[in-house]
Amino acid sequence: MSQTTTANQAGAEALSSICRAILDRRRFLLTSHARPDGDSIGSQLAMAYALEALGKEVRLVNADAAPDHYRDFPGVDRIEIADRSVATADALIVMECSDLSRTGVAGLDDHFIINIDHHAGNRMYGALNWFDESAAACGEMVFDVIRGLGVPLSPDIATHIYLAILTDTGSFHHSNITPRTFDICRQTVEAGVNPAAMARRVFDSNSFGKLKLIGALLDSMELIDNGRLAVLTMDDEMLKICGCTHNDTEGVINLPLTAREIQAVVFFKIGSAGEVRVSMRSKYDVDVRAVATAYGGGGHKNAAGFTVPGRLADVRPPIVDRLVAAIAEGLKSRP
Ligand code: AMP
Ligand code: MN
C-alpha cells in the first residue's frame with residue numbers, strides 16, 4: 001500500500017515538473033526508439049500535436065521510418081529520419097526509451113532531456129525523468145502529460161493515443177492492462193476515434209507479400225518443449241522470395257500465441273551484418289523480459305527483444321534453454 005502510494009506520488013511530482021518545464025519552453029525536439037512501433041509513433045505525434053496546440057515549435061526525429069501501415073496516420077510524414085540530429089531545441093522529449101542509445105540517433109546528449117518511459121530498467125538519463133512500469137503503453141503517460149498541460153483531446157491527439165494503446169497492449173492481450181487503459185480509450189473514442197476503423201487500419205492492412213511471408217514463417221515454425229515454445233526463423237532470402245521488407249514482420253510473432261498450447265514465441269531474424277535480432281512474446285506470467293535483459297536487451301514481461309552478434313546455430317541453443325526455463329517458471333502461477 002505505502003509502496004504504491006510512494007510510486008504514485010513520485011509519478012505525480014515527475015508529471016507536474018514535466019508539465020512546468022514544457023510550459024516554460026518554446027522549441028521541442030521529440031524522439032523515440034529505433035525501428036518505431038505503434039506506441040512510439042503514437043506517443044510522439046500525440047505529444048507533438050499537444051505542444052503545437054500550445055503554440056510551441058516541434059520537430060520530430062527517429063532513426064528509422066515508421067512501418068508502412070502507420071504512414072498515413074496524421075503527421076507521420078513529418079518525422080525526420082536521421083541517425084544523427086543537428087536540431088537545436090529548448091528541450092528534447094524522449095519517449096519509450098530505457099536509455100538514450102535506444103533512439104539510434106546520435107547528437108542528442110547536449111539537450112535538456114525529458115525522459116518519459118514505461119520499460120523496466122529505465123536508466124533515468126534525463127534532466128527530468130518519469131518512469132512508470134505500470135503503464136500499458138507510453139501513450140498512457142503522454143495522455144497524462146497532455147491533460148496536465150490542459151490541452152483538449154483533438155481528433156489527431158486522440159487517434160495517436162489510441163494507436164499507442166491498441167498496439168502496445170497487443171490489441172488488448174497483454175497482462176498490464178488496467179481500468180485506466182480503458183478509461184483513456186473511452187476518452188479517445190469520445191473525442192472521435194473509431195475503434196473498428198483503427199483495428200482495420202492497423203491489423204487488416206497487410207500486403208499480399210506479407211500474407212506470403214506469414215505462410216512461409218508458420219510453415220517453417222518449430223515446436224519445442226511439448227509445443228509450449230514456438231520458434232520462427234527468417235533471413236533476407238525469405239523476405240526477398242515473398243517480396244517483403246523487414247517492416248512486414250511486425251505483428252507476425254503474435255500469431256503462434258493463438259494456439260492454446262503455445263506459451264511463448266521466439267522469432268530469430270538473421271541480419272546481414274552477422275547478427276541475430278531476437279523478438280519474444282509470451283502469455284500470462286511467462287517472463288521473456290528476463291531473457292532479453294540477460295542479453296542486454298529489454299521490453300516487458302510479455303514482449304521483449306534484443307540483438308546478439310553471431311551465427312544463429314551458435315546463439316540459438318542457450319536462448320531456447322532460457323525460454324524453456326521461463327515457461328516452466330511462469331506456468332507455476334498460471335490462473
Ligand atoms: P519487439 O520484439 O522488437 O517488438 O520488441 C518488444 C519489446 O521489447 C518492445 O517494448 C521493445 O521496445 C523492447 N525491446 C526490443 N528490443 C530491445 C532492446 N534491444 N533493448 C531494450 N528494449 C527492447
Ligand atoms: Mn511501449
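Predicted model: local features only at pLDDT ≥ 70, side-chain atom pairs only at ≥ 80, totals over all residues.
Is Cys19 buried or exposed? Cys19 is buried, at a relative accessible area of 7%. A search of the whole structure turns up 0 disulfides. For Cys19, the nearest cysteine sulfur belongs to Cys138 and sits 14 Å away. A disulfide would need two cysteine sulfur atoms within 2.5 Å, so Cys19 is in no disulfide. Cys185 is in no disulfide either; its nearest cysteine sulfur, again that of Cys138, is 15 Å away. Cys185 also counts as buried, with 6% relative accessibility.

Turn next to the metal. The manganese ion (ligand 2) is coordinated by Asp39 (OD), Glu96 (OE), Glu96 (OE), His118 (NE2) and Asp168 (OD). Along the sequence, the donor residues follow the spacing D-x56-E-x21-H-x49-D. Glu96 lies in the loop between strand 4 (91–95) and strand 5 (113–117). His118 lies in the loop between strand 5 and strand 6 (128–131). The pair therefore ties together parts that are 22 residues apart in sequence. Both Glu96 and His118 are buried.

Helix 2 covers residues 38–53. Its 16 residues should span 22 Å at 1.5 Å a residue, and its end C-alpha atoms are 22 Å apart, so the two values agree. Of those 16 residues, 14 are buried, so the rest of the structure largely encloses helix 2. At the start of the helix, a side-chain oxygen of Asp37 comes to within 3.2 Å of the backbone nitrogen of Asp39. Just after helix 2, Gly55 adopts a positive phi of about 85°.

The last stop is ligand 1. Which residues come nearest to ligand 1? Of the 14 around it, they are Arg102, His119, Arg277, Ser279 and Arg281. Polar side-chain atoms make contacts here. One in Arg277 lies 2.7 Å from an oxygen atom of ligand 1. One in His119 lies 3.0 Å from a ligand 1 oxygen. For His300, a side-chain N or O atom is 3.4 Å from an oxygen atom of the ligand. Taken alone, ligand 1 exposes 480 Å², and the protein buries 84% of that. Strand 10 (275–282), strand 11 (298–300) and strand 12 (303–309) each contribute at least two residues to the shell around ligand 1. Strand 12 provides the largest share of this shell, 4 residues.

Methods. Residues numbered from 1 in each chain as written. Chains lettered and ligands numbered in written order. Heavy atoms only, no water. Donors = N, O, S within 2.8 Å, 3.2 Å for Na, K, Ca; no water. Buried < 20%, exposed > 50% of the residue type's maximum accessible area, 1.4 Å probe, protein only. Expected span 1.5 Å × (residues − 1). Polar contact = N/O pair within 3.5 Å; in protein donor to acceptor, adjacent residues only side chain to side chain. Near = heavy atom within 4 Å. Areas by Shrake-Rupley, 256 points an atom, 1.4 Å probe, with all protein chains shown as cover.
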